[in-house]
Amino acid sequence: MKKIINDPANVVAESLRGLAAAHADILRVQYDPDVVIRADAPVAGKVAVISGGGSGHEPLHGGFVGRGMLAAAVPGAVFTSPTPDAVQAAVSATTGDAGALLIVKNYTGDVLNFETAAELAAADGLDVRSVVIDDDVAVKDSTYTAGRRGVGGTVLLEKITGAAAERGDSLDAVTALAQKVIGQVRSIGVALTAPTVPHAGTPSFDLGEGEVEFGIGIHGEPGRERIPAEPADALVARMVEAVVSDLPFASGDRVLLFTNSMGGTPLVELYLAHGIAERLLADRGIVVERRLVGPYITSLEMQGMSLTVLKLDDDLTELWDAPVNTAALRWGL
């Protein structure tokens, strides 16, 4: 295993120190427990949108802390849920009278630990709600979940709810908006290679040279099926069909298309795939009005990609376009 690390046990803490040094104008980091916090938090009169999960998916979630997105992110160890006390620390550091919304990906540890933290916060008199995102169409259940997994749609959910909080929406309104987004977003991922978790030192699964795992999870969980490698046109068509048929999306729908690298796929391949996906959606009469392309929810160095499609309306489009200033997303400033 070759990685740019020191002691595998210290990877997350050392990475957080680098994040804090690089983006001191946007965020700060508190340690033990580890929490990434918006530099000007708490922001009076505004809902604190908080998310988190295992590390190894960067820039999710710490890279999305800042104006117009997250008030705080809670990083666990690599591919490991953060502890309830860390989530509670994030809530305490960012939550005022307007309350907080916890965005939780549907993995068993995340759901249990964020739920426990919400109960502890409520006992302290804070108004904390939570939503669980489960946008992965690949499988009904997996090793880590009861029901569908939370994947690429998490990025879009954090951006849109963060924008709503920034404009001053109430906790009830931000929570309802989050549920709306969850109901209208779908994702699918594929893997060409497996990731290597630093403390493990070996790939997390075996995948033959001529094989692709279709419907992979962001921790290397099994997908729908293992298929022979195929040209991009065929692979992207398979992905588009899986996503579009699930909601289902229909001709005339306005959508945001998010084409994501799982960490090891270069942009030359990612843009190639995005172009194919745009064409296939257009062939179905689905109008791509907004786009995001790049490595925004990764799985360490896994080669692969995911496609996420969100059905838009005027309000969701306005919130997507709203100014954002984070380490990983910046526009409209």
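**View 1. D233 and R279 form a salt bridge, with 3.4 Å between their closest N and O atoms.** The two residues link distant parts of the chain, since D233 belongs to helix α6 and R279 to helix α7, 46 residues apart. A salt bridge is counted when a side-chain nitrogen of Lys or Arg is within 4 Å of a carboxyl oxygen of Asp or Glu. The model is predicted: local features need pLDDT of at least 70 and side-chain atom pairs pLDDT 80 or more, whereas totals for chains, interfaces and linings use all residues. Residues are numbered from 1 along each chain as its sequence is written, and side-chain values use heavy atoms, leaving out hydrogens and water. Helices (H or I, at least four residues) and strands (E, at least two) are DSSP runs numbered from the N terminus. D233 is partly exposed, at 48% relative accessible area, and R279 is partly exposed as well, at 42%. Buried here means under 20%, exposed over 50%, and partly exposed in between (1.4 Å probe, protein chains only).

**View 2. Six strands build an open sheet in the order β10-β9-β8-β13-β11-β12, with mixed pairing.** Strands β10 (225-228) and β12 (287-294) stand at the edges with a single partner strand each, so one side of each has no neighbour in the sheet. From one strand to the next, the twist averages 20 degrees. Helix α6 (residues 232-244) packs on the sheet and touches β8 (185-191), β9 (211-214), β10 and β13 (304-311), its direction making about 150 degrees with that of β8. Helix α7 (residues 267-283) lies across β11, β12 and β13 and runs at about 165 degrees to β12. Axes are lines fitted to C-alpha atoms, for helices over the stretch in contact, and angles between N-to-C directions run from 0 to 180 degrees. Contact means heavy atoms within 4.5 Å.

**View 3. Strand β11 (residues 254-261) pairs with β12 in the parallel sense over seven bridges.** Two strands pair if DSSP finds at least two bridges between them. Strands of a sheet pair through backbone hydrogen bonds, either parallel or antiparallel. T259 stands opposite V293 in β12. The bridge partner of L257 in β12 is R291. Between β11 and β12 the chain passes through α7, and this β-α-β crossover is right-handed. A crossover has this hand if, with the strands pointing away from the viewer, the path from the first strand over the helix to the second runs clockwise.

**View 4. A salt bridge joins E289 to R254, with the closest N and O atoms 3.1 Å apart.** E289 lies in strand β12 and R254 in strand β11, so the pair ties together parts 35 residues apart in sequence. Both count as partly exposed: E289 has a relative accessibility of 25% and R254 one of 26%.

**View 5. The side chains of E278 and R291 meet in a salt bridge at 2.5 Å, N to O.** Helix α7 holds E278 and strand β12 holds R291, so this pair connects parts that are 13 residues apart in sequence. R291 is partly exposed, with a relative accessible area of 42%.

**View 6. E166 is found in helix α4 (residues 153-166).** Its side chain makes a polar contact of 2.9 Å with the side chain of R38. A polar contact is a pair of N or O atoms within 3.5 Å; within protein, one must be able to donate a hydrogen and the other to accept it, and residues adjacent in sequence count only if both atoms are side-chain atoms. Apart from neighbours within four places in sequence, E166 is in contact with R38, K46, R67 and G68. The structure holds 25 salt bridges.
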